[in-house]
Amino acid sequence: MNTEFIFENPFLKAITISTTMAVFIIGIALGLKYMFSEGTIPMPLWTLLLIFAIIFIIGSVFFEQRGADQMGSLIGGSIVAVSTTFASVSFFGGMVYAFSGGIEALGVEPIISALAICMIASMLLIKLLSHKLQVQGF
């Protein structure tokens, strides 16, 4: 399928982006369920530290380029790194849970219902963020 067609068509663009975000949100939720039920994280500690370090550096430089002072850029970078690392670990835990029979245990109907709800929430979030970014001049 031609990807240019998807991003030229506003309907397909909205469905594609909201569905992708919804799958990511469901992956995070399943990952949380996996981590609480298993009592462990789905990846080694060195991977977590590497993800955190890379995102911390990128986030710190991003905030510094946007005009934050040195302490503000470090705090902003660490907040972004913690949240991104948490989301990544949860998502990969969700994939482990889903591929190890978790979806069959939960049932298809609740997963599809969650997908629909998350698609709606994703669309609302996209519209809210795009409006905020347009007001701020990004």
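Analyst: Happy to, starting with the surface. In this predicted model, the protein chain exposes about 9,500 Å², and carbon and sulfur atoms supply 74% of that area.

User: What share of the residues is called buried, and what makes a residue count as buried?

Analyst: A residue counts as buried when its relative accessible area is under 20%. Of the 138 residues in the protein chain, 26% are buried.

User: Which buried residues does H2 have?

Analyst: In H2 they are Ser18, Ala22, Ile26, Gly27, Ile28, Leu30, Gly31, Tyr34 and Met35.

User: How do you know that the length of helix H2 agrees with its number of residues?

Analyst: H2 runs over residues 10–38, which is 29 residues. At 1.5 Å a residue these should span 42 Å, and the end C-alpha atoms are 41 Å apart, so the two agree. Just after H2 comes Gly39, with a positive phi of about 75°.

User: What does the same check give for helix H3?

Analyst: The 21 residues of H3 (residues 45–65) should span 30 Å at 1.5 Å a residue; the end C-alpha atoms are 30 Å apart, so this agrees. The buried residues of H3 are Thr47, Leu48, Ile51, Gly59 and Ser60, and their cover includes helix H4 (70–106). Gly67 follows H3 and has a positive phi, near 105°.

Note on methods. Residues numbered from 1 in each chain as written. Predicted model: local features only at pLDDT ≥ 70, side-chain atom pairs only at ≥ 80, totals over all residues. Heavy atoms only, no water. Helix = DSSP H or I, 4+ residues; strand = E, 2+ residues; numbered from the N terminus. Expected span 1.5 Å × (residues − 1). Buried < 20%, exposed > 50% of the residue type's maximum accessible area, 1.4 Å probe, protein only. Contact = heavy atoms within 4.5 Å. Areas by Shrake-Rupley, 256 points an atom, 1.4 Å probe, with all protein chains shown as cover.
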